[in-house]
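Let's take a friendly walk through one protein model, looking at how some of its side chains sit and what they touch. Have the picture ready as you read.

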Amino acid sequence: MRLRELVTRIEPTSRNKRRLIWEPVNGIHLERLQAFEFYPSETSGGNHFHLRLTEYFFVVTGCMTVLVLKDIRTGEREVFRDLGQGFRIVVPPYIAHANCFAPGTVLVAGCTTAYDPDDNDSYIYRLLDEKGQEILDTA
């Protein structure tokens, strides 16, 4: 799998003088949809992977300042910076991911499985430290 193909900038599917419409996910069944607004923080997020679920992220406003993806099976790793409005990120199983956001960023996230507190399918895999600096020696 080429990790670069998981991150794409999409254009609005419709626009007029009143609004823009993006369709970051179309034709995909999602069990969960969340919206996040990020506060000022020096803390990174993510630092995990999943075995069964796929996550979809869409930057509505603001900026994902750092995104690190790593295929834990092959070792392929990509770092992305300054992903602004309109970027869609697809994170399939076995892709570890970590990120940081600019304050005020709004992100929509979807998931192919519903939340289950008894089986969250999330496994720690540190790619960024607490300050958002890359950890390069992850096995």
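## His48 and its polar contacts

A polar atom in the side chain of His48 lies 3.0 Å from the backbone oxygen of Gly46. The side chain of His48 also meets the side chain of His50 in a polar contact of 3.2 Å. A polar contact here is a pair of N or O atoms within 3.5 Å; within protein, one must be able to donate a hydrogen and the other to accept it, and residues adjacent in sequence count only if both atoms are side-chain atoms.

A word on where these values come from: this is a predicted model, in which local features need pLDDT of at least 70 and side-chain atom pairs count only at pLDDT 80 or more, while totals for chains, interfaces and linings use all residues. Residues are numbered from 1 along each chain as its sequence is written, and side-chain values use heavy atoms, with hydrogens and water left out.

## Where His48 sits

You can find His48 in strand 5, which covers residues 45-49. Strands (E, at least two residues) are DSSP runs, numbered from the N terminus.

Is His48 buried or exposed? With a relative accessible area of 15%, His48 is buried. Buried means under 20% relative accessible area, exposed over 50%, and partly exposed in between, using a 1.4 Å probe and protein chains only. Leaving aside residues up to four places away in sequence, His48 touches several others, among them Glu55, Ile95, His97 and Tyr125; contact means heavy atoms within 4.5 Å.

## Salt bridges

How many salt bridges does a search of the whole structure find? The search finds 8. A salt bridge is a side-chain nitrogen of Lys or Arg within 4 Å of a carboxyl oxygen of Asp or Glu.

One of them joins Arg52 and Asp119, with the closest N and O atoms 2.7 Å apart. This pair links distant parts of the chain, 67 residues apart: Arg52 is in the loop between strand 5 and strand 6, and Asp119 is in the loop between strand 11 and strand 12. Arg52 is partly exposed at 45%, and so is Asp119 at 38%. Together with Asp121, these two residues are linked in a network of salt bridges.

## Another link along the chain

Arg77 and Glu134 meet through their side chains in a salt bridge of 3.6 Å, N to O. Because Arg77 lies in strand 8 and Glu134 in the segment after strand 12, the pair ties together parts that are 57 residues apart in sequence. Arg77 is partly exposed, with a relative accessible area of 23%, and Glu134 is partly exposed at 30%.

Conventions:
Helix = DSSP H or I, 4+ residues; strand = E, 2+ residues; numbered from the N terminus.
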